[in-house]
Amino acid sequence: MMDSQEKNLETGKIEEQNVEQAAVENNTASQEVATTETARRNYATKEEVLERVKEIAHSSEAPDKEEVDLLKTIFYKLHVAERDAKLKEYLDAGGDPEAYQITPDETEEAFKAEMGIIREKRAEIFKQQEAEKEENLKKKLEIIEKIKAMATSPEEANKSYQEFKALQQEWKEIKAVPAERANELWRSYQHNVEQFYDLLKLNSEAREYDFKKNLEIKTHLCEAAERLAEEEDVISAFHQLQELHQQYRETGPVAKDLREEVWARFKAASTVVNKRHQQHFEDLRSKEEENLQRKTELCEKVEAIAKEENKGAADWEKHTKEIIDVQAEWKTIGFAPQKMNVKIFERFRAACDDFFGRKTQYFKEMKERFADNAARKQALVEQAQALQDSTEWKSTTDKLIALQKEWKTIGMVPKKLGDQLWNDFLAACNKFFEARNAANAGTRNEEMENLEKKTSIIEQLKAIAEEAADDAKEKVHELVEQYNAVGHVPYKDKDKIYKAYHEVLDKLYKDMNISTARRRLDNFKNSLKDVAKRGENALDNERTRLMRRYESLKQEIQTYDNNLGFLSVASKKGNSLVDEMNRKIEKLRDDLKLVREKIKAIDEENNEEQ
């Protein structure tokens with residue numbers, strides 16, 4: 001009987017513990033190997049992914065589920081990005097979001113067809129593999145029964161040694177069995193092999209030959225395992241190690257004094273490979289966690305941008321650029337851990353979709369506002385064009401000023417269309433105002449004559465101020481009446497002539513102790529005496545007339561004040577229009593003050609009579 005260590009070596013129990021642990025790691029690796037290999041390839045287009053899927057679909061090899069799933073993820077990531085880019089291009093070109101339709105994608109249809117072939121192929125392969133495993137299980141059970149029958153006595157074992165070796169070789173050649181029966185089957189096999197060796201009575205020469213042959217094989221396996229430490233591809237090294245473990249397990253024992261040494265050497269080489277393999281996936285998982293953290297930060301960044309207020313199109317475009325920059329950075333980051341990869345992408349996509357959805361709605365509404373504003377401005381253009389040839393100078397001026405005022409209340413339209421509408425509107429206004437100014441050109445000559453008259457009167461007033469004659473008051477009164485009867489002077493001379501006139505009057509009134517306001521009021525009161533003589537209601541009628549005049553002047557001044565600023569921009573010859581309006585406003589204000597004093601004088605006259 002062999003000692004327990006010998007038995008464990010021969011039956012592979014120690015190796016089995018190591019292999020079982022490796023199998024757990026290998027199970028994890030097998031789920032990630034295809035992902036890692038596929039991830040190494042830089043698939044830039046859907047067509048590249050489709051090409052690889054076609055290779056898998058029409059290959060004689062069994063499709064790898066993890067690689068197929070990853071290819072599917074990559075394809076639809078590219079597909080969605082491409083679809084979003086087309087939608088953005090459509091919207092940026094001014095397309096209607098509600099009218100947008102997703103066109104059929106031939107590449108996607110081809111991809112689905114190839115994936116269908118792969119599914120059918122995998123289903124058939126799986127079915128064949130399961131049937132093969134069942135058949136292998138049956139064969140191995142038969143081998144176990146045969147070995148069990150040989151291990152009934154030492155004599156029977158010696159007679160059946162060659163047959164036993166043949167059964168061992170046959171066992172090695174039989175491949176996988178159902179996973180749920182594998183461990184139980186292996187333990188039964190090893191148990192019966194152990195029983196056979198316990199009963200076997202080989203002669204010393206044969207036994208030593210067997211040990212020597214097994215030592216050569218296991219030494220070769222140790223050397224092969226040690227070389228794997230230099231293998232650049234960690235995944236490949238790990239899989240090769242599993243094959244070496246399988247061969248080691250199936251190789252018989254060596255001489256008892258060498259068993260511990262050989263096993264220690266093989267185990268040490270295996271530990272190096274296993275540690276490299278484990279470290280590789282720890283690094284991979286660490287990188288994936290780092291990627292998850294970076295992607296989480298990008299999600300938070302997009303969510304923050306999406307929450308910022310957008311006061312206008314400029315803000316929307318600014319934030320759009322920021323999000324596109326974040327999306328570009330996202331594409332540079334690798335996969336997150338498998339259980340979080342889809343979730344983090346869905347979070348990122350939801351934040352982007354929310355922003356771009358609201359942006360689309362904003363520009364849709366802005367487009368509708370632009371269309372409404374353009375229609376309203378077009379209507380004003382047509383009204384202005386209908387008035388541009390009118391010769392009703394006063395009423396048409398008021399109408400155009402009202403149109404100009406309304407124009408300012410209408411919002412924006414697209415620049416190119418807005419410029420065209422404004423040019424058409426301005427051209428119509430200019431045509432009318434230029435025609436009106438041409439018709440009123442004679443007014444300027446009259447103003448120059450008025451300037452000469454007023455200058456002459458001012459010189460006469462200055463002369464009176466120097467003479468200080470007894471009849472100065474009467475002369476001043478007469479000259480003031482003449483001055484008031486003279487019309488407007490050119491606008492550029494208005495302030496100068498006004499200042500000169502009032503300077504000399506102020507001096508005269510001061511010298512004669514008569515204020516200007518008092519003098520004008522006295523003159524009006526004197527005229528009221530004559531009015532009162534006309535009849536009982538003459539003063540009331542005059543007051544009513546003055547009140548109507550007062551309200552009319554107030555309204556007229558208000559109208560000119562409201563439109564004065566606009567007229568300076570509305571016409572290329574706006575300065576002449578502004579000058580004319582300022583002159584009118586000045587005269588209207590003087591008239592308004594005079595009317596107010598006249599009304600007060602009438603009220604005082606009525607009170608005296610009562």
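Predicted model: local features only at pLDDT ≥ 70, side-chain atom pairs only at ≥ 80, totals over all residues.
Residues are numbered from 1 along each chain as its sequence is written, and side-chain values use heavy atoms, leaving out hydrogens and water.

Let's start with the overall picture. Of the 610 residues, 38% count as buried, where buried means under 20% relative accessible area, exposed means over 50%, and partly exposed lies in between (1.4 Å probe, protein chains only). Contacts, meaning heavy atoms within 4.5 Å, can also be sorted by sequence separation. Among those in the protein with a separation of 6 or more, 80% come from residues 24 or more positions apart.

Now to a pair of helices. Two packed helices are described by the angle between their axes and the distance between the axes. Helix α11 (residues 256-307) packs against helix α12 (residues 313-331) at an angle of about 170°, and their axes are 10 Å apart. The axes are lines fitted to C-alpha atoms, for helices over the stretch in contact, and angles run from 0 to 180 degrees between N-to-C directions. The angle therefore makes α11 roughly antiparallel to α12, a label for angles over 145 degrees. On the α11 side, the contact involves Arg294, Lys295, Leu298, Cys299, Lys301, Val302 and Ile305, while α12 contributes His319, Glu322, Ile323, Val326, Glu329 and Trp330. Sorted by class, this contact has seven nonpolar, one polar and five charged residues. In this scheme Ala, Val, Leu, Ile, Met, Phe, Trp, Tyr, Cys and Pro are nonpolar, Asp, Glu, Lys and Arg are charged, and the others, Gly among them, are polar.

Helix α11 also holds Ser270. Is Ser270 buried or exposed? Ser270 counts as buried because its relative accessible area is 1%. Its side chain joins that of His245 in a polar contact of 3.0 Å. Such a contact is a pair of N or O atoms within 3.5 Å; within protein, one must be able to donate a hydrogen and the other to accept it, and residues adjacent in sequence count only if both atoms are side-chain atoms.

Charged pairs come next. Side chains of opposite charge can pair when their charged atoms come close. The whole structure has 27 salt bridges, each a side-chain nitrogen of Lys or Arg within 4 Å of a carboxyl oxygen of Asp or Glu. One of them joins Lys65 and Asp69 at 2.8 Å, N to O. These two are about one helical turn apart because they lie four residues apart in helix α4 (residues 65-92). Lys65 is partly exposed at 42%, and Asp69 is partly exposed at 31%.

Lys321 is exposed at 54%, whereas Asp325 is partly exposed at 42%.

Another bridge, between Lys431 and Asp389, spans 3.0 Å, N to O. This pair links distant parts of the chain, 42 residues apart: Lys431 sits in helix α15 (residues 415-439) and Asp389 in the loop between α13 (338-387) and α14 (393-409). Finally, Lys46, Glu82, Lys86 and Asp105 are linked in a network of salt bridges.

Conventions: Parallel < 35°, antiparallel > 145°, perpendicular 65-115°, else oblique.
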